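I opened my notebook to look up a few things in this structure. My entries follow, in the order I made them.

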Amino acid sequence: KLLDSNNGPLIKNEKILTGDIVGNMKTLLSQFMTAEQALEIIDHFKLDFGCKGFESKNLERRLRSLTIITSAVERAMPAKDEKDRSIMQFLRRAGIPNRQNSEEEKREKPKPLSPQFISEWLEESKFVSRLLNKKSHPEEIKQGILIFRFLAVNKLLTDEHIDMIWEMQEGKHESVKNTIFDSLVLLAEDLSSKHIQHIQERIDTITDKEHDFETLRFISQFSPLVIERDASQPSCWLGLDTLYRLSMAGDEISESVSSGA
């Protein structure tokens, strides 16, 4: 019944009430099993609860439900190192907010989860396919980017996943394009060379006349992250050839694109 209640518009104090109920469930389970076993059941329930809420037609509920899921995924991610912190500093300078990282600094971290636990739940729930549904709101992709980072870190991210994210911005207005491109920028740190090359191939499908401020913005933010990570790989000069070509295109493209490049 609690799973089924995660639907429709959000109600006042719902988060507090749900937390109290889940806390009582954990206490009750602890009477019949070890604390570790009870915690695993509760963690799985929270993921199922978030997945159920993601089926709602209410965007606010879907985003809150997505936060429940990403909070669990975050617990299965490796600890951040100095390199990761430098990437976050670059993102802040580039004007790309990372809400998850700013919020985590304010709260105490719960017990880590095993990557296998999250991987098995993602497979069981088919949640990635639900998140990449063509009807998904762009903000859902951006707020759910930690899930794709998890897949990348655990070598579960595929070119198909990247294609489905990329295609969400095709033919859309600038706000949607920027949101999807920002998501790819946030994913950059965890991409393999193969995935980076695949994004280069997607960039190369854009004709010179199709480039606009949004694609230039994406290339100018994505390329430095990849170069900083590993400049020894030829594919890591991603985007610079495109920018150079556009800057020299002259009258073949708009002046704003040429000067922007």
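**Entry 1: terms and ground rules.** Helices (H or I, at least four residues) and strands (E, at least two) are DSSP runs, numbered from the N terminus. I am reading a predicted model, where local features need pLDDT of at least 70, side-chain atom pairs count only at pLDDT 80 or more, and totals for chains, interfaces and linings use all residues. Residues are numbered from 1 along each chain as its sequence is written, and side-chain values use heavy atoms, with hydrogens and water left out.

**Entry 2: the whole chain.** I looked up the helices and strands. The protein chain has 16 helices and 0 strands. Next I looked up burial. Buried means under 20% relative accessible area, exposed over 50%, and partly exposed in between (1.4 Å probe, protein chains only). Of the 261 residues in the protein chain, 47% are buried. The chain exposes about 14400 Å² (Shrake-Rupley method, 1.4 Å probe). Carbon and sulfur atoms supply 54% of that area. I then turned to contacts, meaning heavy atoms within 4.5 Å. Among contacts with a separation of 6 or more, 72% join residues 24 or more positions apart.

**Entry 3: helix H13.** I began with Ile196, which lies in helix H13. Is Ile196 buried or exposed? Ile196 counts as buried because its relative accessibility is 0%. I also looked up its distance to Val226, 30 residues away along the chain. Their C-alpha atoms are separated by 8.1 Å.

Arg202 is in helix H13 too. Arg202 has a relative accessible area of 13%, so it is buried. Which residues does Arg202 touch, not counting those up to four places away in sequence? I found Asp163, Trp166, Glu167 and Glu170. A salt bridge is a side-chain nitrogen of Lys or Arg within 4 Å of a carboxyl oxygen of Asp or Glu. A network of salt bridges links Arg202 with Asp163, Glu167 and Glu170.

Entry 4: Side chains of opposite charge can pair when their charged atoms come close. How many salt bridges does the structure hold? It holds 14.

- Asp159 and Lys194 meet through their side chains at 3.0 Å, N to O. This pair links distant parts of the chain, 35 residues apart: Asp159 is in helix H11 (residues 159-167) and Lys194 is in helix H13 (residues 193-204). Asp159 is partly exposed at 22% relative accessibility, and Lys194 is exposed at 54%.
- Lys126 and Glu123 form a salt bridge at 3.0 Å, N to O. Lys126 is partly exposed at 47%, while Glu123 is exposed at 53%.
- Glu55 and Lys52 form one at 3.8 Å, N to O. Glu55 is partly exposed at 47%, and Lys52 is partly exposed at 30%.

**Entry 5: a helix pair.** Two packed helices are described by the angle between their axes and the distance between the axes. Axes are lines fitted to C-alpha atoms, for helices over the stretch in contact, and angles run from 0 to 180 degrees between N-to-C directions. I looked up H10 (residues 145-153) and H12 (residues 174-187). They pack at an angle of about 35 degrees, and their axes are 9 Å apart. Which residues meet? Ile145, Phe148 and Arg149 in H10 meet Ser183, Leu186 and Leu187 in H12.
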